[in-house]
Amino acid sequence: MKFSLDWLDDYLDVAARGGAEGLRAALEQAGLPVETIERTADGEVLDVEITPNRPDAMSHRGLARDIAAMTGVPPRVDLDEFPDPPESGETTEHLTSVVISVPRLCRRFGVRMVRDVANGAAPEKIRRRLESIGAKPISAVVDATNVGLWDMGQPLHAFDFDKLSGGLLIVRKARRGETLVTLDGVERKLEPSDLVVADADRAISLAGIMGGLETAVTEQTRNVLLEAAWWDPVTIRRTSRRLSMHTDASHRFERGANLDAIPGALRLAAGLVAAWTGGRVAPGLLDAHGAPFRVRRAPLRLSRLRLVAGDESLTLDFAEEALGRLGFSSERRGKHLAVAIPLFRQDVRREDDLIEEVLRIHGYQNLPSRLPVSGAPGGYLEPMREVEDRMTDLAVSAGFYETMSVPFVSRAADEAPFATWLAATGAAAESLRLTNPLDAGKPDLRSTLLPGLLDALERNARHGRRETALFEVGRVFDRPGHPEEPRSYESRRAAFALSGDARPHWSGGSAPGFFDAKGHVERLLQPWVPAARLTWKSFAAPAFAPGAAAVAETSPSSPVAVVGMLSSEERSRRHLSDASFLAEIRIDAIPLAGVASRFEPWPAYPSIEADLSFLQERALSWDEVARFLGRERIPSLEAARIVDRWEGEGLPAGKVKTTLRLVFRSPDRTLSQEEVNASVQKIAEELSYRLGVVFER
């Protein structure tokens, strides 16, 4: 895109900035490379590569703003100020009116009137400027609209007011079968998706692309209606491509015009038309509005700025001053700026975009060049990352397959069965909701990994894969965080799901049960929390079968994990025919002190096993039995585990029959059966006395 140095000199002291080469250096620092510098009879012309995301730079004032910002020297004039032209006669609102019937596609439509014009040629200086950048001079009125386009980037259109039926303008969709002969003399067949400007009878302009021939200004035109508007980029792009019409106006509207530029552009064009043709500007601007346009805002944190730049010398004072040069307004709030993004910068939407603007002014060449801070090879800068990686390795070694689920859920539907687990972990009462969700049925960010794993189980089952062992390590968004610290919303989790006979054995052993799932939790936690330090308590949640779920705690009221068998209702809802087990570990709640490794030789002497069966109250948990066995310190007792647990027919109400398998071994000799029998008898007596269990005679 070409720009005249003579034109730029209206706003900048080009010579003081080093002429064409000085401007080239400033523009390349701004990310707008100059391809060539042409020397013509009318002066030097810059051919600048403007990326599609910078429509604000597609004008001389816009380019001057970036050059002034890069060089730190203010422009000669306020780039956003336009003097009001002399006015006389009837007001614009009295002479014409505007109706916007598609308010979301045309958010603003401005009109000014210039009467009693004598349309001839524009001044020689203006025509030479336009020719130097490749624009063709036509007439004083048309050239005034082109000056508005190339001076400030706002396309304008001039109508011969006397040719308008009804003396009004209507912004609407084209009617089926409607046609329009555009300024290039081609008859266009319009579609209902096309946007047009019409008078009382017919379409007179293809909105944002090209005007109609019937209402074009000519040498005979006496009354001119000037129009400037904001058009929906998607609609303009669709029509432009369908009709293969790429114009200077559509090039800008497709990329996003500046809603605030309309009054200034009309003041500029009306003043030029009046000065060049002797016309009279009607008082007032007819300013019609469609749907409101919200000013975007974003925070800029000092910590984030320094982190991204890798430069601790950057300050908020500099950031505020740099953004001010580029037309942003900001307010200091502690260690961050609350920045209002001007409407002409459609490419800036978030904090990192603001950081890029600050660093453009600072100069990328001024950023320190050094290797990032690192520990020894393979080390971790973030302690919890090591926990995540090690837990992943443990899960894989146990035969689980890793999965990654989409973090979008419905708190009301997907996470409701786990509500008591969320409450136990202190999850925020309100979910973190997406402003523009990809799926309207899943508008929230997940607070637990379990619904995603259930979805994976269901998909596997639908494809005939009943034996499934899956795990996921990832982030959930369950914390009542603060918008200025996005990570404050996150916590870390590891979860797994087992369904069917996930790891069949040649011996035809039974499918995994609750204690297998519980054992996997203990194995995943073993590097940091030994199983003996975990306290297991029964747990109830709608997702789990009654009496088949438990939470593990490392200290009172500090749950670190949950495990349970999926309820029959949840299995039925997800079409799972086999028993399924779920578990989730709160990585953030794991004590990071770790467990010291201790190596022991393989036992040199054989073990002796003994089974012990008794009747107990259903309320007596295995955790209480295990703690009792640990306190008693029975000589040579190496391990104890449950091998059978029965309740139901043949037993009194509220009673459970339990069988323990006790393993005895001595490190320095072979035990005798009499010694083992004596130990078993002692254990039975203490269990009966301490815990009230009953042994069968």
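Reader: How many cavities of 30 Å³ or more does the structure hold?

Author: Rolling a probe the size of a water molecule over the atoms shows where empty space is left. In this predicted model, 2 cavities of 30 Å³ or more are found.

Reader: What is the volume of the largest cavity, and which residues line it?

Author: The volume of the largest cavity is about 50 Å³. Its lining is made of Met391, Ala395, Phe471, Val473, Ala494, Ala495, Phe496, Leu524, Ala583, Glu584 and Ile585. Two or more of these residues come from each of α13, β22, β23 and β27.

Reader: What classes of residue are in the lining of the largest cavity?

Author: There are 10 nonpolar residues, no polar ones and 1 charged residue in that lining.

Reader: Where do β22, β23 and β27 stand in their sheet?

Author: Strands of a sheet pair through backbone hydrogen bonds, either parallel or antiparallel. Here 7 strands make an open sheet with mixed pairing, and their order is β19-β22-β23-β27-β26-β25-β24. At the edges are β19 (401–402) and β24 (535–538), each with a single partner strand, so one side of each has no neighbour in the sheet.

Reader: In which sense do β23 and β27 pair, parallel or antiparallel?

Author: β23 (residues 491–499) and β27 (residues 580–586) are paired in the antiparallel sense, over 7 bridges. To find the pairing on the model, look for leucine 498, which is opposite phenylalanine 581 in β27.

Reader: Which strands does helix α13 lie across?

Author: α13 (residues 383–397) lies across β19, β22 (468–476), β23 and β27. The helix runs at about 175 degrees to β22.

Reader: What lines the second largest cavity?

Author: Gln616, Leu620, Ser621, Trp622, Val625, Ile642, Arg645 and Thr658 form the lining. The elements giving two or more residues to it are α18 (622–632) and β29 (637–646). This second largest cavity has a volume of about 40 Å³, and its lining divides into 4 nonpolar, 3 polar and 1 charged residues.

Reader: What is the volume of the largest pocket, and which elements supply at least two residues of its lining?

Author: The largest pocket has a volume of about 1,000 Å³. It is lined by 25 residues, and those closest to its centre are Glu522, Ala531, Trp622, Ala626 and Ala640. At least two lining residues are supplied by each of α16 (514–525), β24, α18 and β29. By class the pocket lining has 12 nonpolar, 4 polar and 9 charged residues.

Reader: How many residues are in the hairpin that joins β2 to β3?

Author: The hairpin runs through 2 residues. The strands it joins, β2 (residues 34–40) and β3 (residues 43–48), pair in the antiparallel sense over 6 bridges. Arginine 39 is opposite glutamate 44 in β3.

Reader: At what angle do helices α2 and α3 pack?

Author: α2 (residues 19–29) and α3 (residues 60–71) pack at about 90 degrees, and their axes are 9 Å apart. Angles of 65 to 115 degrees count as roughly perpendicular, and α2 and α3 are therefore roughly perpendicular to each other.

Reader: Which residues make the contact between α2 and α3?

Author: From α2 come Leu23, Ala26, Leu27 and Gln29, and from α3 come Leu63, Ile67, Met70 and Thr71. By class, the contact has 6 nonpolar, 2 polar and no charged residues.

Technical notes. Residues are numbered from 1 along each chain as its sequence is written. This is a predicted model: local features need pLDDT of at least 70, side-chain atom pairs count only at pLDDT 80 or more; totals for chains, interfaces and linings use all residues. Side-chain values use heavy atoms; hydrogens and water are left out. Axes are lines fitted to C-alpha atoms, for helices over the stretch in contact, and angles run from 0 to 180 degrees between N-to-C directions. Helices (H or I, at least four residues) and strands (E, at least two) are DSSP runs, numbered from the N terminus. Angles under 35 degrees count as roughly parallel, over 145 as roughly antiparallel, 65 to 115 as roughly perpendicular and the rest as oblique. Contact means heavy atoms within 4.5 Å. Ala, Val, Leu, Ile, Met, Phe, Trp, Tyr, Cys and Pro count as nonpolar, Asp, Glu, Lys and Arg as charged, and the others, Gly among them, as polar. Two strands pair if DSSP finds at least two bridges between them. On a 1 Å grid over the protein atoms alone, a cavity is a set of points where a 1.4 Å probe fits but cannot get out, and a pocket is an open set with protein on both sides within 12 Å along at least five of seven lines; lining residues have an atom within 4 Å of a point. Grid points are joined across faces, edges and corners, and a volume is the space filled by probe spheres set on the points.
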